[in-house]
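Hello,

Please have a look at it, then read on for what turned up.

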Amino acid sequence: MQRSESLFRALVRHFFQRFFDTESISPQGEPEANVMQLLGLLAAPAGIMVILFQLLTFRGWGLVTVRSFFVSLSMIVMGFVVVFEWDALFPDRRDYQVLTPLPLSLSTIFLTKTLALGIFLGMFLLDVNFFSILLWSGIDGGPDLLAIEAAHIATVLASGLFAALAMGALQGILITVLPTELFRRVSIVIQTILMAALVLLFFVSPMFAGKLPVLLKQHSPIVYWWPGFWFVGFYETLRPAVKSPELLHLGHIAWRALGIVVAVFVLTYLPGYRRHARKILDAPQPSPSGPGRLSRAVSRLIDRFILKHPVQQAAFHFINQTITRSMKHRLFLASYAGAGGAIALLTLTGGRSGPLRLSLTLSFILISALRAAFNFPSELRANWAFQMCDTNYGRESLAAMRKWIVVCAIVPLFTLLAPLEFHFYPWAEALFYLGFGAALSLVLMEVMFLGFRKVPFTCAYLPGKVNLVALVVIYCFGFTLYSRTMSNLAEWLAATPVAAVLFFAVSAAAYIGVGWCRDRLVGRETVLDFEDAGDPEVRTLELHA
Amino acid sequence: MLEIKGLTKYYRNTAVVDNVSFTVRPGEVTGYLGPNGSGKSTTVKMITSLLEPSRGCVLLDGRDIREDPVAFKRRLGYVPEEPILYSYLTGLEYLELMGRLRCLPPALVEKKANELLDLFALYSYRHSPISAYSKGMKQRVLISAALLHDPDVLILDEPLSGIDVTSALLFRYLLTELSKQGKMILYISHVLEVVEKVCAQVVIIYRGKIQAADSVERLRDLMNLPSLVEIFAQLAEQRDLEQVARDIVGVMRTTA
């Protein structure tokens with residue numbers, strides 16, 4: 001009895017620790033430190049807001065708006081956690097390979113995995129709502145402290161649980177309904193879209209929260225689309241603040257939705273689990289078809305006209321393959337896309353210069369997202385292959401990286417934005433704006449990658465090294481000052497043709513100048529970095545004269 | 001000729017490889033043997049420049065490889081101890097990546113990669129991701145990648161790990177054929193039967209120090225032992241293995 005209990009505990013601990021498997025980022029990284037950082041990061045938004053709101057006491061619709069913010073936050077963060085751990089909802093191939101030969105029944109593995117998942121979700125659910133639960137009584141101005149706390153705890157936990165289980169149920173439905181191969185493909189797409197959508201919601205939900213009273217008064221159908229509003233109604237059913245019948249109706253929807261999601265999750269998780277367990281250990285089948293004709297033709301064209309050197313071809317295709325196939329990088333870029341989408345929504349409402357500012361902001365986000373993504377290693381230990389080859393070709397690898405950014409990021413972005421620009425502006429002006437944005441993006445890329453001496457994804461990365469203050473300053477500049485000043489400049493240039501020509505000449509000179517600086521900085525025989533230098537063991541104050 | 005001269009590596013003041021010297025001649029397979037943790041892979045990592053030696057040097061045709069590491073890497077083919085590959089690439093994509101990094105013309109890379117995959121019985125899996133490959137399949141991809149650019153020096157660290165009988169037999173013939181082509185081959189393995197058959201000389205390392213370096217025949221004569229397995233056991237393993245086996249069974253049967 002005691003043995004089976006300790007076995008059960010050991011398995012739960014094993015599955016729980018597997019949720020934090022961060023070896024792939026940096027072999028030197030400390031998982032515990034990363035987990036603590038993550039928990040702190042997720043708890044911070046609620047902490048900051050609840051402390052700010054302590055200065056005021058809310059009643060009526062003001063209180064509903066604040067409730068809406070915390071409910072949405074709980075849902076978005078829990079959704080984010082489940083989407084991030086999408087592949088870990090079921091045991092993976094390695095788990096089965098290690099555990100199947102042991103005398104463990106499938107039901108034991110299932111129960112321990114489910115329990116570990118429950119503990120994992122519970123931990124994040126408490127973490128994200130910790131500060132709001134702790135300090136909520138200072139925000140709600142009503143009497144009966146216990147009832148206030150109880151209603152708040154019940155709502156934020158129920159809404160977070162709903163979001164987490166909704167994501168789990170979606171995967172359960174997909175795994176139950178779709179054939180294995182199709183599930184694998186669809187699952188990748190859905191996970192990426194969900195990640196982008198959740199990040200987008202994270203930024204726009206505070207705006208939604210403020211609009212709720214107006215939307216309810218207008219009987220807008222939008223209130224039925226966002227489940228966060230249902231749980232604001234749920235809160236209202238537990239502790240009325242405005243006694244709005246519409247809000248109470250939304251509350252009833254929340255109760256039903258929670259019941260449905262729990263039922264679907266329970267009904268699909270077990271069959272999905274059995275199906276997953278059966279398929280995951282299947283031997284690989286030969287795959288007769290490689291890339292399609294179109295893909296091969298495009299590859300050949302790029303190799304022939306853009307990438308003359310074999311090392312450029314190697315690095316270019318390696319970047320392409322990693323970006324499209326590495327889950328970590330895909331989710332990372334999806335997060336940036338979500339942030340970009342949120343900013344796009346905000347800038348598009350910025351009057352006549354909205355579409356122009358949109359393209360500038362998006363190009364800034366795109367290049368900075370790629371700069372950050374290229375720093376994260378992918379299967380770091382496999383980088384010996386690059387180290388073993390001719391390191392004299394570092395310059396070619398870096399050239400390939402810049403070409404990839406232009407061909408696969410900047411050109412597609414401005415191609416996608418072109419219809420919008422032509423819709424809003426006369427064609428000559430639109431053409432100029434597109435050229436202006438593309439030229440600025442090229443210079444921005446050169447500046448951002450000035451000291452970058454890595455083949456993307458091949459260098460170790462120490463997560464704690466990022467200077468958050470510098471990062472925030474750069475992004476604030478990019479999101480506000482850069483797009484605003486540059487869009488003003490573009491509008492002025494569009495009206496002054498001579499100055500516009502001069503601008504392109506200056507941009508070309510800047511592009512060449514930064515390239516020259518880079519060559520001077522990194523030297524002609526570029527040696528690539530494969531190990532992040534990290535912090536020195538002994539840091540001196542450098543006080544010598 | 002590849003000469004290893006006085007290679008030494010210290011970790012926290014302990015020499016894990018201590019003054020190791022031997023020579024790998026063209027047209028010969030040199031076996032490098034030793035129990036786990038004896039310093040074989042550390043030696044190999046120093047030879048391949050993946051690790052900086054604390055002391056000593058490696059000479060290729062009389063020139064220190066540190067003078068021009070790129071020129072050395074151009075002539076080197078390497079199969080590492082563990083089959084660590086980019087698992088999301090397909091077998092063909094991995095070989096294309098390696099071929100291009102070796103600056104081979106794209107058409108030649110494609111031709112060679114497909115032919116090698118075919119000869120190593122991986123052709124039908126060439127478009128499958130490496131994550132779906134077995135250990136032996138990964139090993140065959142690594143061997144193909146090491147041969148792709150027709151290197152002069154081959155360093156093969158446990159290349160038979162996980163490989164099936166047919167592939168192992170093929171590999172034995174391949175080693176013989178490569179040595180006939182004048183390649184310098186350093187072969188690290190625990191499969192002493194293969195080492196005995198293909199290696200012109202063997203170097204035995206134990207606890208970081210060379211215990212013997214000579215041809216198998218001379219070692220047999222000198223030590224008056226019938227096979228490489230027994231020579232190895234005498235030089236590199238100083239425990240009574242039969243007694244150890246009995247002790248293992250004893251531990252296994254312990255109930256309380």
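Touching, or contact, here means that the C-beta atoms of two residues, placed from the backbone, lie within 7 Å.

Before going further, a note on what you are looking at. This is a predicted model, in which local features need pLDDT of at least 70 and side-chain atom pairs count only at pLDDT 80 or more, while totals for chains, interfaces and linings use all residues. Residues are numbered from 1 along each chain as its sequence is written, and chains are lettered from A and ligands numbered from 1 in the order in which they are written.

Met78(A) also belongs to the largest nonpolar core, where Met78(A), Tyr94(B) and Tyr187(B) touch the most other members out of 196 residues. Such a core is a set of buried Ala, Val, Leu, Ile, Met, Phe, Trp, Tyr and Cys residues joined through C-beta atoms within 7 Å; buried means that 20 or more other C-beta atoms lie within 10 Å of a residue's own. Helix α3 (residues 60-84) of chain A gives the largest share of this core, 14 residues. Helices are DSSP runs (H or I, at least four residues), numbered from the N terminus.

Now to the chains. Chain A is divided into domain 1 (2-280) and domain 2 (316-522), with bounds from an automatic or database domain assignment. Their centres, taken over C-alpha atoms, are 33 Å apart. In chain B, domain 1 (2-75 + 151-253) and domain 2 (89-150) have centres separated by 26 Å, again over C-alpha atoms. Eight residues from domain 1 of chain B and nine residues from domain 2 of chain B make up their contact.

Where the two chains meet, chain A brings 27 residues and chain B brings 29. On the chain A side, α12 (310-325) and α15 (384-388) each give two or more residues, and α12(A) supplies the largest share, seven residues.

What does α12(A) meet in α3(B)? Pro310(A), Val311(A), Gln313(A), Ala314(A), Phe318(A) and Gln321(A) meet Glu93(B), Leu97(B), Arg100(B) and Leu101(B). The axes of α12(A) and helix α3 (residues 91-101) of chain B come within 7 Å and cross at roughly 145 degrees; these axes are lines fitted to C-alpha atoms over the stretch in contact, with angles from 0 to 180 degrees between N-to-C directions.

Happy exploring!

Definitions and conventions
A residue is buried if 20 or more other C-beta atoms lie within 10 Å of its own, exposed if 12 or fewer, and partly exposed in between; C-beta atoms are placed from the backbone.
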